[in-house]
Structure formats: C-alpha cells, structure tokens
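User: Please take me through this model by question and answer, with the cut-offs stated where they matter.

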Amino acid sequence: MSILLTHRRYFAQQALYLVSLNVNEFINPLDTLASELIVGIKNVFPTIQKTVIKIKLENPPSHIKADYAFSTFLISDLIGVNPLTVAEKIVENFSKNSLKLSKRIFAAGPYVNIELDKQIYQQEVLNHILSENNEFGTKSVKNPRAIIINYYSSNFSP
C-alpha cells in the first residue's frame, strides 16, 4: 500500500496533463488513464475530435469515495452543453466501455470521479518503476544550466 501512496503522491505533484500519446513508449499509469479518458470523451463528443483536450486529474474532496476526479467545465465550454450533462454522458460511455485501471466511474455534479482497481493499478505502478530502472523519479533537462546559489549571513566573518 505504501508503494501506491508514494507513487500517487509523486504523480500528484506533477501537472497531469496529456496532450499526445506515443503508443510505443511505456508511460506512467496516470497518463494511461488520462489518455483513455481523452479518447472516450472524444468518442462521446465527436465535435471536439480535432481539439486538443487537457485533463487534470485531481484528488476529490474527502467526502467522495474516489481516487481521482476531473471537472467537465472546459469540455462543456467547447461544446456548449451544461457541465452536469457532460459528466453524465462521459460516465454513461465509460459504464459501457470500462477504463483499464478503474473499478468504478461516477459523476458528482460537474465532476467525473474515478475509483481505481487497486490491484491493477499497483501492478502498473510496479511495471512503470521497473521500466524506468535508475531513471525513475529523475527529470532530464534539454539545456542544462549552472545555477549559482549564494548564501549571505549578517553574521558572516571571513
């Protein structure tokens, strides 16, 4: 269980946006979840097929029993439909075509909430960590720069 929480905290600290997906590359489980959501949303609302959708997976309020949630406000603005209706249609679509990592998906107001299947999620997390080897948790920078840090103290005496 601690691996799940550690991994969840690690990815929750990052911006969880997915713009494009390279199928040949193994990506973290939350990006997989986000990409499945984007594909499903574009199937429900064909008018936004060519639009780049960004989904931010957030932690839902404590009174809602779910692992992640996302709002439907942006999607409703794009298609001109009430956010509650958008959330209901998304849930209806994923009730028929389930998400790989989800146990349950449901709407609470204009938010779509996702409860993960913990066993599948933990296996995906471990696969992701193992695929990254020593690179897990690191970030590569295209143009590295030197950073100079100066420490000043009023009590400094040479």
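Predicted model: local features only at pLDDT ≥ 70, side-chain atom pairs only at ≥ 80, totals over all residues.

Analyst: Residues are numbered from 1 along each chain as its sequence is written, and side-chain values use heavy atoms, with hydrogens and water left out.

User: In what order do the three strands form the open sheet?

Analyst: Strands are DSSP runs (E, at least two residues) and helices likewise (H or I, at least four), both numbered from the N terminus, and two strands pair if DSSP finds at least two bridges between them. S1 and strand S2 (102-108) stand at the edges with a single partner strand each, so one side of each has no neighbour in the sheet. The pairing is antiparallel, and the order is S1-S3-S2.

User: Which residue in S3 is the bridge partner of Arg104?

Analyst: S2 pairs with strand S3 (residues 111-116) in the antiparallel sense, over six bridges. The bridge partner of Arg104 in S3 is Glu115.

User: Which residues form the one aromatic pair that a search of the whole structure finds?

Analyst: Rings of Phe, Tyr and Trp (its six-membered ring) pair if their centres lie within 6.5 Å, with planes under 30 degrees apart counted as stacked, over 60 as edge-to-face and the rest as tilted. The pair found here is edge-to-face, at 6.0 Å centre to centre and 85° between the planes.

User: Is Thr72 buried or exposed?

Analyst: Thr72 is placed in the loop between strand S1 (68-71) and helix H3 (73-79). Leaving aside neighbours within four places in sequence, Thr72 has contacts (heavy atoms within 4.5 Å) with Pro83, Val86, Ala87, Ile90, Pro110 and Val112. Buried means under 20% relative accessible area, exposed over 50% and partly exposed in between, with a 1.4 Å probe and protein chains only. Because its relative accessibility is 0%, Thr72 counts as buried.

User: What is the relative accessible area of Asn133?

Analyst: Asn133 is placed in the segment after helix H5 (118-132), and its phi is near 50°, a positive value in a residue other than glycine. Asn133 is exposed, and its relative accessible area is 59%.
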